[in-house]
Amino acid sequence: MRRKRIFISSVQKEFAHTRDKLASFINNDPYWSEFFYAFIFENLPASQRSPSDIYLGEIDKCTVYLGIFGLQYGRFIENGISATEQEFDYAIEIGRDPLIFVKRLTPRENRAKRMQALIRKASTYTYTTFNNTDHLLSEVQRSLLYWQQEKTRRTK
């Protein structure tokens, strides 16, 4: 059986540790690595290609778009939106299966207005909230299992 590729999308700076832990978990766990390969941009070597060419090309190869939305929106790229929003828009445009995870706010935290708008846009799909990295790992496992079950049911 061929492993399904997961594209992990988020503001890199905000979720650096989380992205690494999530990708390592999926790619190294005896069960999950049997079914999935998780891609994160920061594991690529230096290249002559533009970042957007690379991450859009990786979305082309994936089956699942896994979006992690937090407090920060990220810096704007050439088209006036963040890379995270461009990744989400492109994944939806080409029909990738979105799994969206939204960080819960603590009373002292504020979410960037553009991130609020991105979450509203993504709320067309059912999303799950999380409190911290360990909670996110648990929710991702639960969502991937549900995704697998749904795919199996549809192919029968």
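**Salt bridges, burial and packing**

Reply: Let us start with a pair of side chains in this predicted model: those of aspartate 89 and lysine 121 meet in a salt bridge, with 2.8 Å from N to O. The pair links distant parts of the chain, since aspartate 89 lies in helix H4 (residues 83-93) and lysine 121 in helix H5 (residues 113-122), 32 residues apart.

Me: Why is the contact of aspartate 89 and lysine 121 called a salt bridge?

Reply: The term asks for a side-chain nitrogen of Lys or Arg within 4 Å of a carboxyl oxygen of Asp or Glu. Here the N to O value is 2.8 Å, and because that is within 4 Å, the pair of aspartate 89 and lysine 121 qualifies. By this rule the count comes to nine salt bridges.

Me: Are aspartate 89 and lysine 121 buried, exposed or partly exposed, and how do you know?

Reply: Buried means under 20% relative accessible area and exposed means over 50%, with partly exposed in between. Aspartate 89 has 28% and lysine 121 has 33%, so both fall in between and are called partly exposed.

Me: What makes lysine 61 and glutamate 58 a salt bridge, and how far apart do they sit in their helix?

Reply: Their side chains meet at 3.1 Å, N to O, which is within the 4 Å that the term requires, and therefore the name applies. Being three residues apart in helix H3 (residues 51-61), lysine 61 and glutamate 58 are separated by about one helical turn. An α-helix has 3.6 residues a turn, so residues three or four places apart point the same way. Glutamate 58 has a relative accessible area of 10%, and because this is under 20%, the residue counts as buried. Arg5, Glu58 and Lys61 are linked in a network of salt bridges.

Me: How do you know whether arginine 142 and glutamate 139 are buried or exposed?

Reply: Arginine 142 has a relative accessible area of 53%, which is over 50%, so arginine 142 is exposed. Glutamate 139 stands at 10%, under the 20% limit, and therefore counts as buried.

Me: What is the length of helix H6, and how does its reach compare with the expected span?

Reply: Helix H6 (residues 133-155) has 23 residues and reaches 33 Å from its first C-alpha to its last, close to the 33 Å expected at 1.5 Å a residue. At the start of H6, a side-chain oxygen of asparagine 132 comes to within 3.2 Å of the backbone nitrogen of aspartate 134. Buried residues in H6 include Leu136, Val140, Leu144 and Trp147.

Methods
Residues numbered from 1 in each chain as written. Predicted model: local features only at pLDDT ≥ 70, side-chain atom pairs only at ≥ 80, totals over all residues. Heavy atoms only, no water. Helix = DSSP H or I, 4+ residues; strand = E, 2+ residues; numbered from the N terminus. Expected span 1.5 Å × (residues − 1). Buried < 20%, exposed > 50% of the residue type's maximum accessible area, 1.4 Å probe, protein only. Polar contact = N/O pair within 3.5 Å; in protein donor to acceptor, adjacent residues only side chain to side chain.
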